[in-house]
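This report describes selected local features of one protein chain. Please view the sequence and the model together while reading.

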Amino acid sequence: MKLDQLTAELTRQIGYEPSKYQTGILEWVLNRLGNGACNAVAGAGKSSTLRMVAIALESIGYKPSDIRVIVFGKENSKDLVTKFGVRWKASISTLHSAGFSLLRRELNIGDSRDIQISDGKYRRIAQDMDLIGKRGSRGTLTRDGAIGKDAEFLRLVNLMRLTNNYPTATSVKELCHHFEVEDIWEFSIVAAAVAECLRIGEQKARNNRFIDFTDQIWLPVKWEIYKRRWFKSYKFVLVDECQDLNAIKLELAIGLAGASGRQLFVGDPFQAIMGFAGADNRSYQNILSRTKATELPLSICYRCPRSHIDLVRRQFPNIPIEAKEDAITGEIQQLEEKDLEQQLRVGDRIISRKTAPLVSQCIKLIARGIAATVKGRDIGETIKRDLEEIASMPRFRYEDFHAVASEYRALKVLKYKEMDNEEQLIQNLNDKLEALATIYISQPQAKSIADLSAYIDSLFSDDISPITLSTCHRAKGLEGDRIFILKPEDMPMTWRNQMEWQKEQEDNLLYVALTRSKSELFVVGKPNWLPQEKPLEDTKSDTAKPLVPDLEPVGDELEIQEYSDLEDSLDWMPQSPLEDDDNDELTPTQSLDAKEQEELAIILESEEAAQTSDSTSITSLQSILTPKTNAQKRERVIQVLTNKDWQGKSDRAIASYCHVSAPFVGKLRAELARTGTVNISSERVDSKGRKLDTANIGTKPKQPQTQELTVGSPASVIQAKLRIEGETKEDLDAIALLLQQTFDVDEESGDYSNRDGNGYRRYLTVKVTSYESISFP
């Protein structure tokens, strides 16, 4: 069939004419020899192009059974079968499925139920060899100081197979460095242990038909099953998302084509972002050299509006991406984080480079009765591993979670010292611990690690929610009409001793984030890669319900518009000196008199001494990130005030240490005193045993002819009526619980059905203190 005839037939079948780039690929299929590599930009229609190639191959005599189409993931496989037609079902699969079919034939397995597949295979092997521990015991590798954690050894066993490496001291060291495998100390000992595990793993596959997920792609390559006489190689192999192939997958894909089959690899080298997980960050370039492939461009993006493409090209001029001819202009809007919830609608997606901001935002949405989840159940499992390690720390008590988490962080940072990627490891650690701290604070009803673990399971999901939040890694392959980029300043991430491939992948993550939207892109922040424009004004949709409750004043004494006008936090407080809305950048000695500066210097000196010792102290809380929300600030101050070594410090000194305001400390100290938790005394003792009279700290002698109001002096206590709304009464209970942690609630109404029949509402009357601003005579 000639090219023009094929083009006409494709137009009839798929409903539109192939682009000039797709026509070039079809011309290569019909008239050229050898292998090809299609450089496809984001949203270029890779699946549609693969379908065109399949139709072209059929037109020149190929049968579906002559062709193998490789995709990533079962869901993608199902989607492609729907597009290609049921006749192609046997030809479309993942590489794991293709490898599993080879193993079944090699091991003479007629029924797939006769083979045992378990992700715990190599854990069991290592435990049986006493290399790692079981039921709380320690294995020989830990006892001999060769490794620090069993999980890292098992990860190394997996990476050795994915990278198609043989375990030697050198290869173990290189893998640990490249993939940031921690706690591997004796490379020669570990290499020998990995080799023995893999040897036994092969035996168990042969003799017991016992494999794990990675075995499905590793063993066919290790045993070179595709070279068996019984194996019929494919005449044409099509591979989608080739930029994220790891070394073992590439070998298997090449093996499926045999010595004479042709191959077409389709992928975007600028979307290679899975290098941390075992993928070959140079996969696309290696394909070009290994297969001597002809490079074929696929440069038109059918997803993104023209303005989004312009932003990508301005940021990444080396990416050959083009907007389609009839692309809409689209919108790029910049807004502040406090305005985010006012803009959200059902179906929106929020993406971020880090996990902690997503966790915080998801909890806020749930508290307001909005169904939301963070995409990626495995991310939750990673966070839970750190949670379990914190719980296993000596002297751990649930109520001391922050202090123990701080000690855990200090120990991890100590291990990272002098490592080439020290800064990156610390950034990743901080991200996970900040997420855990947010979860801990948001669950005051939780009483144990098991409670937190269960909540993490509910927070992270692989399902789609009304509002779905995901990391950039998880957003790859997804799209939506409206995309919100949260904490855009985190992209691209940089750190000291960052390797070139890591820098490339951080740039690629930003590229992925910018190419997810089909209509509107919201940048929640002020990154340096976005041209600064006027902040987004209130453009709430008439059809979108507000995601936050309304505040209605009682009388005309207080005027508060919406919660979005208050501090961005898990609690909501009126803006006053009792909250920390003006101390985010408080310096240690700001607004302290000489005596208080001396006291603070003593405190900081004791803190420095504590940080250099092995003992646990409340000062280790400083290692956790500076508290950003009122709940976090309240938690920190209470931790300090309930420590007997700190009860004698002045309000301002503690305030400077905790990065809050002095009245905020005073208020909490008074609350704790009323419950008998702490004793208030004007006679206090510093950390060196010197007596201090703090009765007059922060006050000035009265002047006979002038009067001044101290900043933040209370003028009146008034009432405000709050209306909260939710889909269920349980949602109202959750919101009310958070409000009760911040306000003194005088009255709480019953629950009322909304007039439109959707959801419920409740009213709370709370006390709010009004504060005067400073005045001068």
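Predicted model: local features only at pLDDT ≥ 70, side-chain atom pairs only at ≥ 80, totals over all residues.

## Annotated binding site

An unreviewed UniProt entry places the feature "binding site" at Ala40, Val41, Ala42, Gly43, Ala44, Gly45, Lys46 and Ser47. Among these positions, Ala42 is found in the loop between β1 (36-40) and α3 (46-59), while Ser47 has its place in helix α3.

Is Ala42 buried or exposed? Its relative accessibility is 0%, so Ala42 counts as buried. Setting aside neighbours within four places in sequence, Ala42 makes contact with Asp268, Gln271, Cys301, Arg303, Ile321, Tyr511, Thr515 and Arg516. Ser47 has a relative accessible area of 21% and is therefore partly exposed, because buried means under 20%. With neighbours within four places in sequence again left out, the contacts of Ser47 are Leu80, Lys83 and Phe84.

## Helix α3

Helix α3 has 14 residues. From its first C-alpha to its last, α3 reaches 20 Å, close to the 20 Å expected at 1.5 Å a residue.

Which residues of α3 are buried? They are Lys46, Thr49, Leu50, Met52, Val53, Ala54, Ile55, Ala56 and Leu57. Lys46 is also one of the positions in the UniProt binding-site annotation. Just after α3, Gly61 takes a positive phi of about 105°.

## Val221 in helix α11

Val221 is found in helix α11, which covers residues 215-222. With a relative accessibility of 9%, Val221 counts as buried. Not counting residues up to four places away in sequence, Val221 touches Asn164, Tyr226, Ile248, Glu251 and Leu252. The C-alpha atoms of Val221 and Gly255 are separated by 8.0 Å, and the two residues are 34 residues apart along the chain.

## Nonpolar cores

The largest nonpolar core has 64 residues, of which Phe153, Val190 and Leu256 touch the most other members. Helix α10 (residues 187-208) gives the most to this core, with eight residues. Why does the core lie between domain 1 and domain 2? Domain 1 (3-113 + 218-302) and domain 2 (116-208) both give residues to the core, so it lies between them.

Leu256 touches Arg68, Ile70, Leu95, Ala98, Leu102, Phe231, Ser233, Tyr234 and Val237, not counting residues up to four places away in sequence.

Conventions: Residues numbered from 1 in each chain as written. Heavy atoms only, no water. UniProt positions renumbered as here; feature names shortened; annotations may be inferred. Helix = DSSP H or I, 4+ residues; strand = E, 2+ residues; numbered from the N terminus. Buried < 20%, exposed > 50% of the residue type's maximum accessible area, 1.4 Å probe, protein only. Contact = heavy atoms within 4.5 Å. Expected span 1.5 Å × (residues − 1). Core = buried A, V, L, I, M, F, W, Y, C linked by side-chain atoms within 4.5 Å. Domains from an automatic or database assignment.
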